[in-house]
Amino acid sequence: MNKPTLVIMAAGMGSRFGGLKQIEPISKAGEIILDFSLYDALMAGFSKVIFIIKKENEEAFRALIDEKAGKHMEVAYAFQELDDLPEGYSVPEGRVKPWGTSHAVLAARKLVDGPIAVINADDYYGPGAFQTIYNFLEKAEDTDKYQYCMVGYQVENTLTENGHVSRGVCETSEDGYLTKVTERTQIQWHDDKIAYTEDGGDTWTELERDTMVSMNFWGFTPSMMKEMEARFPAFLDKAIEENPLKGEYFLPGVVDTLIQEGKASVRVLRSADRWYGVTYKEDKQSVVDALQAMKDKGEYPDVLWK
């Protein structure tokens with residue numbers, strides 16, 4: 001089987017952060033969060049990376065990536081285009097929002113020919129997560145079910161003090177397989193507890209601090225790309241009728257459907273690491289401090305790319 005490829009979803013403009021947060025310098029050396037993910041991925045064994053970006057951001061990304069990580073890894077770019085739709089479909093009038101994370105990954109369908117790991121561009125996952133998922137994908141082969149995996153984090157380790165976050169809340173079997181994942185788009189600290197709301201804050205449902213959540217760090221065999229492509233028209237039929245301007249084709253939703261249909265098993269690779277990310281402007285300093293502390297301890301070199 002071909003070596004695993006890292007696919008990085010970087011097409012979001014970071015509306016809550018107020019700018020293209022994926023390219024915000026986060027270290028004294030001018031590195032961005034992505035540099036740390038790429039460094040961890042390279043150390044784990046990944047040698048090829050595909051960025052999913054907007055076409056208008058290509059120059060900015062190339063300036064940051066090609067002369068740094070690009071000298072150590074094979075780098076390719078794919079573009080998430082709103083009109084990249086199956087034959088017979090067109091963009092609903094007034095729609096400007098991208099079609100979601102599954103559609104983002106599909107943008108790379110012509111560039112991959114083996115297993116893939118998928119991450120967000122603006123999240124710090126920790127080196128252990130990359131090593132664990134690479135080891136899984138290196139051996140993964142579909143049997144009577146598709147053999148997928150995800151890195152799960154304790155929800156307490158994935159929150160910001162500055163607002164709400166969106167997470168896939170996971171249910172797992174006793175032997176460590178994902179049984180269900182439900183996208184919760186508003187999770188936050190609420191009265192010293194962790195809770196989510198689905199009605200704008202009128203009611204809250206508490207989550208235990210060690211609840212396992214998905215940070216969109218997935219590992220897939222090539223079958224996943226085919227499944228996402230095959231299921232896209234059915235999603236569009238429903239979205240165009242019910243929510244034409246904002247309906248999104250979420251990656252966890254496709255995974256959950258495949259689990260419920262008995263077509264896929266998803267191994268949950270548990271991480272005890274703390275997630276770091278810049279969801280809001282106010283998050284940035286805490287991320288800067290955390291990554292510098294790791295450098296000070298010798299967990300990363302002072303300059304990642306030389």
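Tutor: Contact here means heavy atoms within 4.5 Å. Please bear in mind that this is a predicted model.

Student: With that cut-off, which residues does L6 touch, not counting residues up to four places away in sequence?

Tutor: L6 touches L38, A41, F46, K48, V49, I50, A117, I119 and F130.

Student: Which residues have the most contacts inside the largest nonpolar core?

Tutor: They are L6, L38, F46 and F217, in a core of 59 residues. Helix α1, residues 33-44, gives the most to this core, with seven residues. Another core, of 41 residues, lies apart from it and includes C170, L178, W218 and Y249.

Student: Is I53 buried or exposed?

Tutor: A residue is called buried when its relative accessible area is under 20%. I53 has a relative accessible area of 0%, and is therefore buried. I53 belongs to strand β2, residues 48-53. Leaving aside neighbours within four places in sequence, I53 is in contact with A10, A11, E58, F61, Y77, A78, F79 and Q80.

Student: How many disulfides does the structure hold?

Tutor: A disulfide is a covalent bond between the sulfur atoms of two cysteines. The structure holds zero disulfides. For C149, the nearest cysteine sulfur is that of C170, 12 Å away.

Terms used: Residues are numbered from 1 along each chain as its sequence is written. This is a predicted model: local features need pLDDT of at least 70, side-chain atom pairs count only at pLDDT 80 or more; totals for chains, interfaces and linings use all residues. Side-chain values use heavy atoms; hydrogens and water are left out. A nonpolar core is a set of buried Ala, Val, Leu, Ile, Met, Phe, Trp, Tyr and Cys residues joined through side-chain atoms within 4.5 Å. Buried means under 20% relative accessible area, exposed over 50%, partly exposed in between (1.4 Å probe, protein chains only). Helices (H or I, at least four residues) and strands (E, at least two) are DSSP runs, numbered from the N terminus. A disulfide is a pair of cysteine sulfur atoms within 2.5 Å.
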